[in-house]
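Subject: Structure handover

Hello,

Please find the structure below. My notes on it follow.

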Amino acid sequence: MAHEKPIIMVIEDEDLLLRAITKSLDTLGIEVLSCRGAMQALDYLHKVDPLPDAIWLDYYLKDMDGLAFMEQVKRNPQWAAIPIVVVSNSASSEKVRRMLDMGARKYILKAEYQLDEIVAMIRPFMRESA
Amino acid sequence: MSLLRKLTIVIIGVGIPSLIMYMGAALWFARHSVGEAVRTHQLEFANQAMGTLDREVNDQITQMYFIADSPLFTAMADASAITPAARTAVTARFKDAIAISESWDTLRMVAPSGVVAASTIDSEAGSPLPGGDAYKDVVAKATAGELGYSDVFIGVLGKPTMLIAVPVTNSQGAVTAALVGSVSWSRIIAVLQGTENTTLELFNSQGYELGDSEKTNSHEILKERIASHLVTNSAFKGKEGTAETTSVTGESSDTVLAAYVTQEGFRNFKGHGWVLVAETPAAVAYGSINNLRTTLVPTFIALAIVIYILIITLIYRTLIRPVQQVTEVTRRIASGDLSSRVVVRSKDEIGQLGTSFNRMTDKLQELYKGLEAKVKAKTNELAERVSASETARARDEAILAGMGEGLMALDSQGRVELVNVVASELFGIPRDKLFGRTLAEMLDGLRDERDMMIEDNERPEARALAGKEAFTGNYLYHRYQTDGQRLSIGITAAPIFSNGAVAGVVLVVRDITKEKEVDRMKTEFISLASHQLRTPLSAIKWFSKMLSDGDAGPLNKEQAEFTKNISDSTGRMIELVNSLLNISRIESGRIVVDPHPTDLKELVSGIVQDLQGKIQEKYQELVISVNDELPPINLDTHLIGQVYLNLLTNAIKYTHEQGKIMVFISRKDDQVVTQIADSGVGIPLDQQDKVFQKFFRADNVAKFETDGTGLGLYLVKAIVESSGGKIWFKSEEGKGTTFWFSLPLSGMQRKEGEVVLDE
């Protein structure tokens, strides 16, 4: 479903970073669905319409770890198609592998990239969800 | 047994029997000789006696013939018709004869008819001859013209007598009468003279005694008859001889020496078989011998004793005493008194022995004194050395015991020769159990860092021996002997060389559990910190980017500058955090190693490509030269790429503008060596040993080139070494630096891990 503005659901528990991301994405013309935790995200997914075009997931979340959240998402047939990109600061190759096995499209290391670079990496996936 | 006793036994054992034998033999021979002499003498004596008797008898016969030959008788015509005047004359003649010789008892003239013509016994005249057959026989004999004689018998007068009859012949030679004399036997027998010791006895052929030299009563004559005796038996058979036997007369049972002779063939008349026995008591005969014996034996014994004493004394003085003396002196010397000497009394062999002995002892004493002095000196020396050695040993023991680390020494077979208390406690095995055993036997709780069993040739001591140099490794040890704890231990094993050959291994063992723990905590901390740091760093980065992009509004020049500064600093900090994280990952050993066949030229070219910007900025020249024949090597491109990146970045960073950088990759034996040479500022000599340390930045660069974490080379070294290679460099301040690193052609080992290095 094409929208005027693409929607990315950003799940990030660091408030500062969330603000930066939101601001940046906004500047880039992307609507942000910001969640501070996984529960909130799941809640939104239940309620929101339309569903986001992509999920920007931080791995380490306060209420649930990224893997569990992903599992939840993938289990739901409605949400399973949404491309998930993991943007985190830890890079345990084990975790990376597992996330990717779960269906994450990419695993990005936060500190390496500027925001616009990250967005550029997510965009290709978003096209798909249309 | 002493010599003395031995000699005594020999002398007694040998001497006495020989003495006895000799004496016995001597005595026997003497006795024998004496016996022989006595017998010979006796026989002779007996013969003599018999001869005397024979002569006596002969004498009587001769007298008879003499008488018969006188004219008175020869003129006789017929004796039977004798005139009284003739008778008277004859009778007177007869009486005269008897008066003269006294050896006749009676004399008679008997006619051939048997009538007595004349007789000294007046009453007989004119009557027939009285008496028995004996008379008739002899008369008959004489009448026949022959001599006639009878044996001894008791005559008409009651006395023992012997008849002798001779013929009286006339001038025509015809026998006119017989002249018969009756011999006074006792007169005859009186010639038997014995000696002091020898008795003579005469026996007739019937065994009646006819007389003896002891002049026994003549009434015994012809009264006693001897019992059968071997002597007289022999004699009666006509033999003469001697015998040692019991007394012939049987009077006593004494032993006598008897000599016996017979009358047979004797002298002038054939006897009547008389036997003469000369007897000497054996005791008397051998008396001399017996005397000899009784005097000889004691004398001999006395003599023997004297001789024995003499011999013994002689031997004692010449041999035994000197030997005893030498023995005594020897004993004294043996018990320590080296001053005692033998007293030499003679010049013979014993004396020489003594003299030599003394000389020997002199020498011995000298030697001993000399030796004593030497021994003393040596003992002192030894005592000093022992004391020094003991002190050293005590000190070594103290060192060993006082060390904070475990120490073990193994011999060339890998068996424990030395182990200190700390090592023993660390492994939980008592020291005495460890001695002589190998570590493979005793430390089976040893594992590698991943808690896997260690191959025998991978053990620290084996690796030290194989590599012939010190080897340090970290291990896990299951101390199930005591508390079951799992310790982290560090073992440094170094081979010990002696005379160029390996003599053993020395191991230093450290409990690094705490260190490991600290390390782990550090790693975790760094990991966590890095992670935590990244979050605000990301925020700073993004916000400052948004600022400089003008997302919050346009910036003035200064604002832009400040923002850029913030951005740069942030960039540096992020880099630092990355490096720290990489290091902590490498140190934790959790890095993934994912080798693929890699063409080094490609890899390096790619990296150089990425760095082109920086190179061109500084107008530098970078040359790559790769050996064409290099095969692809199994490498983790991520890790090795990092190595090249760091080294090249350094080369570029630390070389001035228009400088030159050269990269050579070549093959050397089983290694591929990369050489990266720059013409940069170089590393000061006094800081070259710190180059690979964490956070190290040499003074000459830290001042003007602020960009740099000091972690790059540390990382490079860690990667290269864990890949089985080596890294080294050469540098001169102001001239440039060249780094070399080698990688085995066999490539890197795949390794499961949890993390990768960040870019």
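Helices (H or I, at least four residues) and strands (E, at least two) are DSSP runs, numbered from the N terminus. By that count, chain A has five helices and five strands. Along the sequence they follow the pattern β-α-β-α-β-α-β-α-β-α.

This is a predicted model, in which local features need pLDDT of at least 70 and side-chain atom pairs count only at pLDDT 80 or more, while totals for chains, interfaces and linings use all residues. Residues are numbered from 1 along each chain as its sequence is written, chains are lettered from A and ligands numbered from 1 in the order in which they are written, and side-chain values use heavy atoms, with hydrogens and water left out.

Chain A has 130 residues, of which 52% count as buried (under 20% relative accessible area, 1.4 Å probe, protein chains only).

In chain B, helix α9 covers residues 349–402. Its 54 residues reach 74 Å from first C-alpha to last, close to the 80 Å expected at 1.5 Å a residue (1.5 Å times one less than the number of residues). Asp348(B) caps the N-terminal end of α9(B), with a side-chain oxygen 3.0 Å from the backbone nitrogen of Ile350(B). Buried residues of α9(B) include Ile350(B), Phe357(B) and Leu400(B). The buried residues of this helix pack against α8 (287–334), β12 (406–411) and β13 (416–419) of chain B, where contact means heavy atoms within 4.5 Å.

Regards

Notes:
Buried < 20%, exposed > 50% of the residue type's maximum accessible area, 1.4 Å probe, protein only. Polar contact = N/O pair within 3.5 Å; in protein donor to acceptor, adjacent residues only side chain to side chain.
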